[in-house]
Amino acid sequence: MRASGILLPVSSIPSRYGIGTFSREAYDFVDFLVKAGQTYWQILPLGPTGYGDSPYQSFSTFAGNPYYIDLEQLMEEGLLTEEDCEDCDFGGQEEYIDYEKIYLSRFQILFRAFENSGIEEDAGFASFVRENESWLPDYALYMAIKDSLGGSSWIEWEEDVKMRKKETLDRYREELREQILFYEFQQYLFKCQWTKLKKYANEKGIQIIGDIPIYVAFDSADTWANPSLFQLDETCTPVAVAGCPPDSFSATGQLWGNPLYRWDYHKQTGYEWWMHRIAYCFELYDVVRIDHFRGFDEYYSIPYGDTTAEFGKWEKGPGYDLFKVMKEKLGSKRVIAEDLGFLTPSVLKLVKRTGYPGMKILQFAFDSREESDYLPHNYSANSVVYTGTHDNDTTLGWLGAISRKDKSFARKYLDIRSKKDIEWAFIRAAISSVSDTAIIPIQDYLGLGSSARINTPSTLGCNWKWRMKKDALTQELAAKIFDMCKMYGRVPKRNA
């Protein structure tokens, strides 16, 4: 079935208190998607963000980001007052997230809600804790200890707590009981509010495309609580870490620093941890985009301690075996394979064998020096086309930066004869393509430049901060998107 959707991170939704949340504005965005004839809302990972504020470096692969908890719903429930929220400084810029101010204020205001909640008497909370006992106690304990030790990574902790000595953990559980309960409380609010928003979207015919990073952060509850899953030595220090080799974008490669998996151990356990992780993702999302899919075929291993990614080597991943087990244990699930970058024959074979659609990025198509698989006439139906992703510049920003030759090729290919609405020529190319699914970042529909870029890979400091203006989405824009999607057979029957 041909369909389309819009990419908008939750953090980029306009809302009152400094960062996008599961607020009224999120429900309004769902309504906009319906009016625009869309089927999908694609978001970024929902986990609590750590170093660099990246959703791909989370303190937990199961936990939700407490920043996304809507404070106005807590007011309606009597846990907060408007004065409570107005007393906090969440940052004052409409199009910019001030993460430092969010960090300093959000937990403070959520703790006030926690104190007013009487949560230990709540039957729903007790049920939530029981249902998530496989990860929640470790996460809440990890974060409470981390706070008590000044936010340091667990590799810097004293030996007894780093190595999870039972008597030490029991002592911390007693000493930090209130903080542990507070972190469990946050996760309960997150899950309740997200479940409510997703239900609203699904009832309106909108499905959520979520995103699962292939790796977990080293500074995470996952790594601390489950060291046997990762390539760590007897002191829990990584043997090697993840990244990408040098290429035309980076002369020294990309050093991500994530711990690598012990795939032999995962295979012995029937990929138990992975099955649990993926199953949980399908509780949160309707479709899952698996980031860095080629890492399941081969992964790039960089010696721990290296300051660049230049001296890594490729190692064999689990290949199809993991997905075979997944299909046996979880049944048929809708997955998008993020198969971008240099693809070897074995990666292409793996993607084809899984049957999952891969990704096509229009911005990758217009290299005037060579024929590209990303040009629309080379697509197959079993694919998902994007003008760009969260890692790309906006289409307008990208057009302003490419060479004159590449720009001339793009104009000729897309038959662009004027600068007016140039981004809509790219949108049309994606929507009209043979790909079953087309996803357009909201910035391209809004005609925004580089200031609205979400992320520039291999950089720190300016990423994940863009927010959409409050009144950016108009009836006229919804109608324009609807008409284009209808013309090319992407409007669902509910709208047709």
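## Cysteines

Cys462 is exposed, because its relative accessibility is 66%; exposed means over 50% relative accessible area, buried under 20%, and partly exposed in between, with a 1.4 Å probe and protein chains only. Cys244 has a value of 16%, so it counts as buried. The structure holds zero disulfides, a disulfide being a pair of cysteine sulfur atoms within 2.5 Å.

## Basis of the model

This is a predicted model, in which local features need pLDDT of at least 70 and side-chain atom pairs count only at pLDDT 80 or more, while totals for chains, interfaces and linings use all residues. Residues are numbered from 1 along each chain as its sequence is written, and side-chain values use heavy atoms, with hydrogens and water left out.

## Helix 8

Helix 8 spans residues 166-175. Helices (H or I, at least four residues) and strands (E, at least two) are DSSP runs, numbered from the N terminus. Thr168, Leu169 and Tyr172 are buried in helix 8. They line one face, because their directions fall within an arc of 95° seen down the axis; the arc is taken from the directions from the helix axis to the C-beta atoms. An α-helix has 3.6 residues a turn, so residues three or four places apart point the same way.

Lys166, Glu167 and Glu174 are exposed on the face turned away from the buried side. The cover over the buried residues includes helix 6 (136-148), helix 7 (159-162), helix 9 (177-203) and helix 10 (221-225). Contact means heavy atoms within 4.5 Å.

## Thr49

Thr49 sits in the loop between strand 2 (40-42) and helix 2 (71-76). Its relative accessibility is 15%, so Thr49 counts as buried. Leaving out residues up to four places away in sequence, Thr49 touches Ser54, Pro55, Gln57, Phe59, Asn65 and Tyr67.
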